[in-house]
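Please read it alongside the structure shown here.

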Amino acid sequence: MTSGDADGLEGTIWPQVDACLAGITADPERGAQDLIVTIPKGEIVRGLRALKSNPDLAFDYLRCLSGVDWEDEGIDVVYHLYSSTRKLNLTVKTRLPNEDLTVDTATTVWRAANWLERETAEMFGIRFEGHPDPRTLLLPDDMDDTFPLRKEHPLAEIEVLQGEGIAYGEGVQP
């Protein structure tokens, strides 16, 4: 059974997504550019598979898979989907608690998830259960105790200082 407040979702594809995800817990929100749907980690692959195979949505392309570190709240795994036939975008998220950074692999849904999950595993320390090839892509094989895109990374503070003022002009705030 899906859940979520439909207020503020007028003009989005939420009705079609809601119907597609019947029997799967899904909470929608309006994003800056597209609809964002949060699905619990235990249902994520079933939800992704439904979104891909539904003929009205046909999310056949996994554009990106990444992580977002919310520090004490856990880490989100974020799937950016696109339907090449319907010209639709959808962002799907699942939250992983810090004490269990594991989620089932999406390689059973899209082959492209292979490299994307490998990179996300290295950068955030997420383990993708059932992944067919969990070798490292970017970091040395023995570097398994630090994750460069986590906010707790030892160089994170230096990186923030180095980037101050680069993206915005004087007096312009993000």
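How many of the 9 residues of E5 are buried? In this predicted model, strand E5 (88-96) is mostly covered, with 7 of its 9 residues buried.

Strand E5 pairs with E2 in the parallel sense and is joined to E4 in the antiparallel sense. The table lists both pairings.

| Strands | Sense | Bridges | Residues opposite each other |
|---|---|---|---|
| E2 and E5 | parallel | 4 bridges | Thr38 and Lys93 |
| E4 and E5 | antiparallel | 9 bridges | His80 and Thr91 |

E4 and E5 also form a hairpin with 4 residues between the strands. In this hairpin, Lys87 takes a positive phi near 60°.

The next topic is the nonpolar core. The largest one has 40 residues. Val17, Leu51, Tyr79 and Leu81 are the residues with the most contacts inside this core. Two or more residues of the core come from each of these elements: helices H1 (14-20), H2 (44-53) and H3 (113-124), and strands E2 (35-38), E3 (61-69), E4 (75-83) and E5 (88-96). Helix H2 gives the most, with 5 residues.

Which residues does Leu81 contact, leaving aside its neighbours within four places in sequence? Leu81 is in contact with Leu48, Leu51, Phe59, Tyr61, Leu62, Arg63, Leu88, Asn89, Leu90, Val92 and Trp110. Among these partners is Leu51, which, like Leu81, is listed with the residues that have the most contacts inside the core.

Notes. Residues are numbered from 1 along each chain as its sequence is written. This is a predicted model: local features need pLDDT of at least 70, side-chain atom pairs count only at pLDDT 80 or more; totals for chains, interfaces and linings use all residues. Side-chain values use heavy atoms; hydrogens and water are left out. A nonpolar core is a set of buried Ala, Val, Leu, Ile, Met, Phe, Trp, Tyr and Cys residues joined through side-chain atoms within 4.5 Å. Buried means under 20% relative accessible area, exposed over 50%, partly exposed in between (1.4 Å probe, protein chains only). Contact means heavy atoms within 4.5 Å. Two strands pair if DSSP finds at least two bridges between them.
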